[in-house]
Amino acid sequence: MMVDSTMAQVGKNLSEAMRILGDGQRELEAGTERRRYSRTSIPGPLQGDGQDVASILHLVHNLIHEEEEEEEDMPSQQMQNVGEQGHMALLGHSLAAYISVLDRDRLRKLTTRILSDTTLWLCRLFRYENGSAYFHEDDREGLVKVCRLVINARYEEYASEGYTVLSSTQPVIYQSASCRPGLGQHLCSQLGLPLSSLCTVPCNTIFGSQHQMDVALLDKLIKEDVDAGKLPLLLIANAGTPGAGHTDKLSRLKELCDQYSMWLHVEGVNLATLALGQVSSAVMAANRSDSMTLTPGLWLGLPAVTAVTLYRHEDPALSLAAGLTSSQPVEKLRALPLWLSLQYLGHNGIVHKIKHATALSQQLLEKLKTLASIKTSDVLETEISLLEALTMVEDELNSPVVVFRFSQEMSAASSGGSVEGYCAGEREVLDSFNRWLGEQLAYLVPASGVDVVELEDEGTCVRFSPLLTAAVLGTQQGDVEAMVERLSELVSVLSSTMCLRQDFREEAHRHSPSLRYVEDLSWPGLGAVRYEPQSEGADESKRKQEVQKVNSELLRKLQELDTDISFSTGPDFGTEEDCIFLGMVTEDLDISELVDTIAALGRDIEESGRLLENMTEVVRKGILEAEQQLQKANEEKLMEEGMLRQLPVVGSVLNWFSPVQSSIKGRTFNLAAGSLDSTEPTYSTKAQAGRLPLQDTPTSSAKRLPGQRLFRRSVAGSDSHSETSSVEQAEETTGEGDAAPTAADPPPASLPVPETDLPGAPGVAPESTGESSKLAPAQEEVDLASEQRHPEGQEADQSSR
């Protein structure tokens with residue numbers, strides 16, 4: 001079979017381009033050294049002789065990954081998985097450019113065939129018989145053209161009179177409150193209609209889903225508009241709302257539209273399930289609509305493929321006037337990438353991809369039912385579970401969208417925390433926690449494709465919609481398993497943090513006024529505090545600088561601690577400044593120890609800062625005082641020795657015959673106390689050889705097991721285990737048969753000498769009856785007692801002293 005040489009060259013160039021970009025991706029993953037020589041962020045002059053294809057493609061690759069090179073520490077974004085079907089879609093764009101240069105007759109025949117084939121395949125695939133297709137880049141453009149078609153059909157003089165015919169009878173477009181934001185405003189702006197022509201119908205509030213259009217209220221609104229002399233024109237319904245994926249009651253809506261001669265347009269992700277063998281009755285009713293918009297590129301993972309609006313209308317002239325059909329053959333080539341991709345996948349391949357996406361949703365839904373403290377519930381139920389799924393509505397058992405939300409009841413708090421009085425900002429706190437949950441799941445399992453959605457009644461939720469992401473990201477069942485595993489871990493952390501938030505607030509209030517609790521309901525974590533230095537008499541600007549300095553240093557010290565708690569400055573666009581925000585925590589956190597440590601570190605930083613600030617003044621005063629004391633000492637020396645001893649020759653002779661001991665004492669300057677002290681205690685201490693002052697060794701009552709991090713409560717029985725282990729370690733160090741006391745034993749009251757490191761018995765306090773002023777006898781008794789306690793086999797160790 002002969003193939004056009006130019007067409008073959010187009011396919012070859014595309015394959016070569018994909019290979020070069022693929023090789024560039026592998027080079028990007030290999031290292032950063034080679035990338036630095038290919039930076040082209042600075043535009044240069046246009047080459048006079050031009051460049052080859054490989055150089056241009058390398059330039060494109062560098063521009064694509066330029067941000068990843070600059071932010072090497074940031075995780076790279078998940079790129080679309082372009083498979084063989086994706087290559088066919090990309091090839092379609094290249095072939096469209098080649099076909100557009102054919103002669104007009106051949107181009108017309110070819111584009112007509114491509115358009116008719118694609119329309120027929122889509123109508124049969126999605127059960128929409130006797131329909132026409134309009135291919136468009138913007139997924140809203142098809143609805144705009146449909147509205148123009150309906151206006152031309154309902155206003156007979158619109159083609160000649162234009163918008164003046166609308167002044168007598170104003171058209172009204174109805175949409176659900178769950179429609180995607182801005183859709184109605186876009187329609188009015190494109191059609192030149194006032195916003196008063198847009199009517200938003202509320203969703204059910206008592207019966208049915210909170211995201212389904214209220215049919216009874218819609219009927220009432222239509223009657224009111226008809227009585228006011230308006231014309232009900234078009235109704236936009238959802239087969240899968242953009243947020244929760246719920247489907248409107250399309251059968252009842254179709255009956256209402258037939259009653260008032262309205263046009264029914266349906267859109268939504270659930271329309272993809274029309275290609276399956278078993279379709280829910282709610283979605284099946286979409287094939288009775290007057291038009292519907294499909295996005296097969298997202299469902300099948302086809303890059304740069306147009307959206308399709310299928311519609312039914314008998315007058316081709318009105319379709320041409322509305323722009324749904326075109327006499328330009330080039331515009332019909334928009335269907336070429338989809339025409340190639342559908343043939344490559346085939347009917348079975350298309351159904352397999354959609355079925356795989358719905359199976360992933362069902363897998364996640366079943367897993368949520370089996371997890372502890374996680375319940376999948378119908379929105380008709382009023383009971384709130386720890387993690388509530390909002391997908392099962394009426395008979396939508398095969399919904400491809402799963403929406404869940406962390407929602408912990410205040411009465412379900414664990415015994416380790418208190419949540420009384422915390423209901424005021426519960427909704428906002430839960431929203432921030434669910435936002436963190438969705439971001440963590442998307443980061444930990446990027447192939448899952450989960451995202452965060454804001455629902456009007458439920459608040460912030462996490463959404464899993466594999467029909468929009470699975471084909472692009474290549475999501476498999478293992479990714480769902482990993483997501484459920486991560487989800488169970490994150491829910492445990494969320495529950496613990498929620499329970500401990502109130503305890504953290506109470507502990508912070510206990511350290512008031514030095515430690516101030518900062519209420520920030522939008523922070524997903526334990527909470528926020530600010531250390532307030534107790535500076536009296538300082539102006540506001542100086543006090544603010546001191547607060548900023550102390551808290552920044554406190555944050556640095558907290559981040560250096562050996563703990564898994566996250567300390568940060570909070571959100572980038574937060575309202576609170578100079579605060580320390582604490583992230584998520586686990587249930588074994590010791591809140592009291594944590595807050596005490598924060599307050600203690602803050603006091604140390606504050607005292608150190610004040611010492612440094614007062615150091616200049618202290619040193620200056622100390623120097624003046626030292627000069628005065630030295631001058632006074634010189635005067636006393638002069639009075640004591642007399643004038644004759646001050647003469648050079650006479651003084652030396654007198655000193656030779658009658659030496660005089662100087663009475664001038666040494667001085668030392670204490671920076672901490674800011675005072676001049678005598679050096680006599682220092683020299684007297686050094687004169688007593690081996691006489692060292694006793695120092696109190698601080699002991700910590702809090703004992704940690706090996707590997708246990710800070711601020712962690714030990715499990716039951718761990719305290720006794722810790723004491724036992726410390727005793728065992730001391731016994732192992734002293735050797736067999738040693739009776740060394742533990743750190744908890746009090747030292748003897750009659751200790752005449754400082755503690756010394758005795759071989760074989762570290763920290764032992766020797767028993768002695770000698771006087772404290774006699775060092776040698778006491779030392780002999782210590783040696784004797786040590787020799788008596790050691791067996792004969794350890795006499796060699798005594799020689800090491």
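Helices and strands on this tour are DSSP runs numbered from the N terminus; a helix has at least four residues and a strand at least two. The model is predicted.

**Stop 1: helix α19**

Select residues 540-559, which make up helix α19. Now show the side chains of E553 and R556, which meet in a salt bridge at 2.3 Å, N to O. Why are these two residues about one helical turn from each other? Because they are 3 residues apart in helix α19, E553 and R556 are separated by about one helical turn. E553 is partly exposed, at 25% relative accessibility. R556 also counts as partly exposed, with a relative accessible area of 36%.

Elsewhere, salt bridges that share partners join D139, R180 and E267 into one network. Select these three residues together to see that network. The structure holds 21 salt bridges.

**Stop 2: helix α5**

Go to helix α5, residues 104-125, and pick out D117 and R113. Their side chains form a salt bridge at 2.5 Å, N to O. The two residues are 4 apart in the helix, so about one helical turn separates them.

**Stop 3: a bridge between distant parts of the chain**

Next, select R405 and D431, whose side chains meet in a salt bridge at 3.0 Å, N to O. This pair links distant parts of the chain: R405 lies in strand β10 (residues 402-406) and D431 in helix α16 (residues 426-444), 26 residues apart. Both R405 and D431 are buried.

**Stop 4: W263**

Strand β5 covers residues 263-267, and W263 is part of it. W263 is buried, with a relative accessible area of 10%. Which residues does W263 contact, beyond its neighbours within four places in sequence? They are V146, L149, V150, L233, L234, L235, D290, S291, Y311, R312 and H313. For L235, display the C-alpha atom: it is 6.1 Å from the C-alpha of W263, although the two residues are 28 apart along the chain.

**Stop 5: S176**

Move to strand β2, residues 171-176, where S176 is found. S176 is buried, at 1% relative accessibility. The side chain of S176 reaches the backbone nitrogen of S178 at 3.1 Å. Leaving aside neighbours within four places in sequence, S176 is in contact with T200, V201, C203, M213, I236, N238 and D248.

**Stop 6: a four-stranded sheet**

Finish with the open sheet of 4 strands, in the order β13-β14-β16-β15, with antiparallel pairing. Which strands form its edges? The edge strands are β13 (515-518) and β15 (567-568), each pairing on one side only.

Zoom in on β15 and strand β16 (residues 580-582), which pair in the antiparallel sense over 2 bridges. Select S568 to find one of the bridge positions: its partner in β16 is F581.

Helix α18 (residues 477-510) lies across β13, β14 (527-531) and β16, and runs at about 150° to β13. The helix from the opening stop, α19, packs on the sheet and touches β14, β15 and β16. The direction of α19 makes about 125° with that of β14.

Conventions:
Residues are numbered from 1 along each chain as its sequence is written. This is a predicted model: local features need pLDDT of at least 70, side-chain atom pairs count only at pLDDT 80 or more; totals for chains, interfaces and linings use all residues. Side-chain values use heavy atoms; hydrogens and water are left out. A salt bridge is a side-chain nitrogen of Lys or Arg within 4 Å of a carboxyl oxygen of Asp or Glu. Buried means under 20% relative accessible area, exposed over 50%, partly exposed in between (1.4 Å probe, protein chains only). Contact means heavy atoms within 4.5 Å. A polar contact is a pair of N or O atoms within 3.5 Å; within protein, one must be able to donate a hydrogen and the other to accept it, and residues adjacent in sequence count only if both atoms are side-chain atoms. Two strands pair if DSSP finds at least two bridges between them. Axes are lines fitted to C-alpha atoms, for helices over the stretch in contact, and angles run from 0 to 180 degrees between N-to-C directions.
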